[in-house]
Amino acid sequence: MADVDYAYRRLVNTLGPERVARNEYDRMAYSHDFASLPKIALLQWQLYPDFVVLPQTTEEVAALVKLSDESGLPIVPRGGGTGWYGGAVPNRGGVLVDMHKMNRVVALDPALRTVTVEAGSTWHDLARYVESKGFVLPFEPTNAVASTIGGAINSGLVGFGTYANGALRDAIVNLEVVLPDGRILKTAAGADASGAFANVTPLFLGAEGTLGILTKVTLRLRPKPEVTKAVSYGFSGTAQAARFLQGIVDSGVTPYHALLLDKDHFVMERVLRPETPDPADLALVALQGPKDDVADQEKTIDESAAKAGGRKLAPEVSARLWARRFTMYSARRLSKGLVVSNNLVPVAKLEEAVTQARTLIRKMKLNGSVQAFLVDSSTASLAPYVLMDDTTPSGGTALGFVKKMGDASLELGGHPMGLGLLMVFNLRKMHGRSAPFLAEVKNVLDPSRKLNGGKTVEVWTKFHFPGIRAVPPPAMAAGLNLMAFLRRIKPTQDKFVKAYEHERGS
Amino acid sequence: MGLLRDWNYVESATQIPALSEMIREALIHALFIRNDRVLPRQIIADLTRTPAVTVKVKDDGEVRKLVNVLNGEESTVSLGLRAEDYNYFRTALGVGKDREIGLTVRAKTLLTHDWLVPEQRGVQLDFGAYGGVEFGSQGHTGIAQVGIDWKALYDEAMAKGHLLPFVPTVPLDFSLGDGLWGDAPYGSYEGEFAAYVNAVRTISAYGHRTRFGFEEVAGNGSGYDLLHAAVPMLTEFAIPLAVALRLVAKPVARKTITYSFDDGAKLSTGLDKFARTSARPAWVHVTDQVAAGVLRPGVPSEAFMVQVSLAGTPSGLAVREKAADAALAGFKAKAADVPNPYDVPADAYRKTAKRAEQSLFVGEVRVPAAALGDFVARLKAFGQQSAAKAGLYASLRWSGTVSALPTFEAVKDPTHQYDLSKGVARLVDKVPGAIFVSRLAHLWSEDAGFRERMELWKRFKLSFDSAHVMQPLVAP
């Protein structure tokens with residue numbers, strides 16, 4: 001490995017001093033993502049990058065990747081840092097490539113209904129741009145305000161619009177990727193050729209920046225719908241609300257989005273914002289289309305809700321809930337951290353999954369909430385979140401919840417989402433005998449593990465010595481199981497809500 | 001018998017000094033039409049070899065054993081064949097000789113034509129008798145064995161309260177597996193075939209039962225989406241056995257509306273406008289007079305017929321029909337009593353398939369809806385020049401792209417197939433935004449990006465199938 005000062009000089013020569021950072025504060029800011037990691041993690045990983053760089057062009061990204069051959073420093077690409085499992089966090093320091101400055105819209109083709117955008121643009125900004133041109137994005141992640149286009153693709157996210165418009169995969173026409181050897185690859189043919197001409201686009205969905213750095217993305221656009229209307233219903237329990245979501249799939253109606261929010265979410269929200277609706281188990285459904293069609297769909301949805309024992313809420317409540325759809329985790333302010341367990345479960349078992357999530361939150365004495373939404377006719381996203389305080393010794397044990405929730409989703413025929421640095425032990429459990437093929441994909445594209453090495457298909461520590469250079473996945477799983485056990489034997493329930501109210505009152 | 005093998009073969013053949021003078025396209029032409037006068041003896045021998053043994057699959061265990069025998073992990077004894085079959089098997093395959101024995105899958109129905117380089121004296125799997133299906137007791141999923149006929153799957157799903165969301169644009173008698181290893185043009189208004197595939201159960205080159213994807217849910221966020229990347233060439237990496245499909249609920253009401261257009265320009269405008277609405281039909285298919293005559297013989301047809309399949313509640317259908325009428329403004333006539341080719345008894349479907357398969361197909365052209373009229377006009381003119389009356393089956397996607405399948409009334413021989421393919425490729429070049437995605441078009445392509453991606457796939461292939469069992473690569 002070359003001298004770090006030499007590497008710094010080479011980086012500065014490539015990008016200029018204003019786009020290379022090495023001070024403690026900048027490095028610290030990039031040492032974590034949205035998840036709260038206990039400080040003890042620093043014993044295992046070098047979470048602080050050596051440098052943070054901000055490229056502005058694809059050529060600069062390619063130059064940075066090639067530079068890594070000289071410096072020997074690993075490269076970690078990063079979008080909005082809204083991930084949960086350490087995919088965009090260094091494990092052995094190195095050069096962190098922040099893609100934020102690559103946020104331009106390259107082209108919008110109204111005739112072909114496509115937009116080409118740099119990967120560092122946020123979904124929110126792009127959505128506003130295409131809307132001004134009379135289009136909408138077919139997909140928006142739940143964290144669209146901060147999530148970048150490249151970040152969401154690398155995470156293989158699900159989100160708003162997938163139920164009606166299909167998977168994010170189907171919305172992508174082409175990707176421009178800088179490969180680990182510095183070559184620039186277009187992942188599909190120029191025209192809309194679907195899977196033809198050796199399309200490799202799907203490989204980069206969920207790749208977590210381990211196969212290449214996405215620099216440009218061409219997305220399909222949908223025409224702006226005549227009407228978007230949100231309707232919401234209150235239920236006597238989450239099981240009923242889950243049954244309602246299942247009923248939507250059976251009814252054949254195709255809403256833009258159908259979401260379940262449990263009572264506890266509103267309990268926590270209300271502490272922060274008094275105008276929050278009365279705590280109840282709610283289902284929020286967004287409908288899009290021509291006015292008459294939306295009215296007809298609403299009628300069918302009303303009938304499904306009534307069957308499941310739901311009562312329709314006032315239109316202004318629904319509108320307010322829909323407007324706040326991108327800010328689901330404000331409860332984080334009640335504690336010093338929050339952790340989300342993202343899972344996909346079969347729609348047919350959604351009721352069971354929601355019940356299990358609530359039981360787990362209760363058994364582990366956590367403060368948390370269950371959220372779920374429909375992804376497609378067979379799949380629902382189950383994303384419960386729990387509050388944690390990672391500054392206390394017991395705080396980090398809340399991470400055990402993610403492990404247990406992932407296990408539960410696997411048992412139900414689904415799977416946890418995200419591998420990154422923390423959840424790699426799930427790879428084999430999820431994919432069984434096809435897991436080695438995924439590892440081979442990494443071997444073929446990045447044999448020297450230059451890009452985001454030691455993640456997704458393996459877990460590296462910060463050490464280079466044989467024997468301790470990698471963490472065996474079962475050891476990670478055992479550690480998280482231990483955390484879950486410690487949570488269970490914790491004598492008292494977390495009281496973040498009460499503590500916050502008390503503090504505010506005082 | 002796949003893209004990787006053909007592409008690798010053509011790439012290697014162009015390195016042969018005797019052929020290096022020959023331009024790539026002339027070589028592909030000679031390979032395709034089997035012009036033995038210009039091809040070296042070695043290449044003729046490669047093209048002449050055919051699979052030595054065909055195995056009719058009844059059980060996935062047989063495939064697993066077979067793979068293990070071919071990759072050298074088990075002896076032929078483990079196949080449990082009778083003495084005479086055992087001897088035939090070993091002799092025909094040349095077991096014990098110092099050469100690779102590969103495994104390939106036989107397509108039930110091909111829309112266009114086979115790949116160039118056949119399996120070299122290996123084993124061919126026939127999944128014709130491997131056609132069971134199981135539907136989830138709750139929810140809308142199903143696991144279907146690859147040999148099941150599309151029509152049987154469609155009908156069975158409907159009987160169990162589901163709707164199979166994808167249909168073949170040309171209603172031939174395809175099996176489900178033809179969507180994986182063949183060229184069955186499955187799709188819907190909302191997506192391509194792969195969009196409905198949750199997982200595929202396979203036997204890997206190491207003889208393991210290996211599942212790609214998740215049977216009950218989508219695979220998002222679980223690592224690289226190898227399944228959807230590999231679907232178009234899956235059989236070059238593993239032997240697919242069953243497909244876990246995402247279905248939808250059987251709608252309360254369905255309706256097929258047929259619009260007639262007398263002019264290609266009006267048709268293009270109508271389809272483009274339709275795709276710019278937020279309508280969500282099950283499928284939108286276009287046929288010209290030639291194709292309509294095949295689907296509904298004896299029934300007079302306008303220049304173009306557009307069939308729109310709507311689903312929903314009875315009141316919702318009326319609303320959607322009104323919206324479709326408005327978007328497709330410019331149609332000459334509209335009818336609600338013209339049957340679609342899919343919701344008919346199995347015998348009637350098969351009869352239609354028999355008529356349709358008489359035509360010569362060259363492959364798929366993906367063209368923007370707004371340019372469909374232009375493309376069809378050029379296609380018709382080309383058909384006249386070539387003395388092969390041209391027709392068209394097409395399917396509209398929400399993205400505004402039309403998946404068009406040109407058809408010709410011509411003798412189905414390699415020479416016609418090649419010349420007509422070449423002609424279509426030339427005219428597609430003149431239509432902005434259009435792309436020809438046939439098997440031959442893949443081999444003709446010298447695009448640098450495509451070559452890079454193929455090199456990647458070749459490296460994946462050599463890595464996934466280090467035992468060289470799944471259609472091993474062949475070089476002259």
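Colleague: Let me start with two strands of chain B: do E4(B) and E5(B) run parallel or antiparallel, and how many bridges join them?

Modeller: Strands here are DSSP runs of E with at least two residues, helices are runs of H or I with at least four, and both are numbered from the N terminus. Two strands pair if DSSP finds at least two bridges between them. In this case E4(B) and E5(B) run antiparallel and are joined by three bridges. Phe135(B) stands opposite Gly142(B) of E5(B). Five residues lie between the strands of this hairpin, and Gly139(B) takes a positive phi near 75° there.

Before we go on: this is a predicted model, in which local features need pLDDT of at least 70 and side-chain atom pairs count only at pLDDT 80 or more, while totals for chains, interfaces and linings use all residues. Residues are numbered from 1 along each chain as its sequence is written, and chains are lettered from A and ligands numbered from 1 in the order in which they are written.

Colleague: Which other strand pairs with E5(B)?

Modeller: E5(B) also pairs with strand E11 (residues 238–246) of chain B, in the antiparallel sense and over five bridges. Within that pair, Thr141(B) stands opposite Arg246(B).

Colleague: How many residues of E5(B) are buried?

Modeller: A residue is buried if 20 or more other C-beta atoms, placed from the backbone, lie within 10 Å of its own; 12 or fewer makes it exposed, and in between it is partly exposed. Four of the five residues of E5(B) are buried, so the strand is largely enclosed by the rest of the structure.

Colleague: Now a helix. Which residues of H6(B) are buried?

Modeller: Helix H6 of chain B covers residues 150–159, and its buried residues are Trp150(B), Lys151(B), Leu153(B), Tyr154(B) and Ala157(B). They lie on the same side of H6(B), because they cover an arc of only 165° around the axis. That arc is taken over the directions from the helix axis to the C-beta atoms.

Colleague: What do those buried residues pack against?

Modeller: Contact means that the C-beta atoms of two residues, placed from the backbone, lie within 7 Å. The buried residues of H6(B) pack against several elements of chain B, including strand E4 (133–135), strand E5 (141–145) and helix H11 (346–356). After the helix comes Gly161(B), with a positive phi near 90°.

Colleague: In what order do the strands of the open sheet in chain B come?

Modeller: The order is E1-E3-E2, and the pairing of these three strands is parallel. Strand E1 (53–56) and strand E2 (103–105) are the edges, each pairing on one side only. E2(B) and strand E3 (residues 123–126) are joined by three bridges, and Thr104(B) stands opposite Gln124(B).

Colleague: Turning to chain A, where is Phe34(A)?

Modeller: Phe34(A) sits in the loop between helix H2 (24–29) and helix H3 (41–44) of chain A. Phe34(A) is buried, with 20 other C-beta atoms within 10 Å. Leaving out residues up to four places away in sequence, Phe34(A) touches Gly81(A), Thr82(A), Gly83(A) and Trp84(A). Phe34(A) and Gly337(A) are 303 residues apart in sequence, yet 8.9 Å apart in space, C-alpha to C-alpha.

Colleague: How many helices and strands are in chain A?

Modeller: Chain A has 18 helices and 24 strands, and buried residues make up 60% of its 506 residues. Its C-alpha trace spans about 65 × 60 × 50 Å along the principal axes.

Colleague: How many residues of the two chains are in contact?

Modeller: 73 residues of chain A are in contact with 72 residues of chain B. On the side of chain A that touches chain B, H16(A) gives the most, with six residues.
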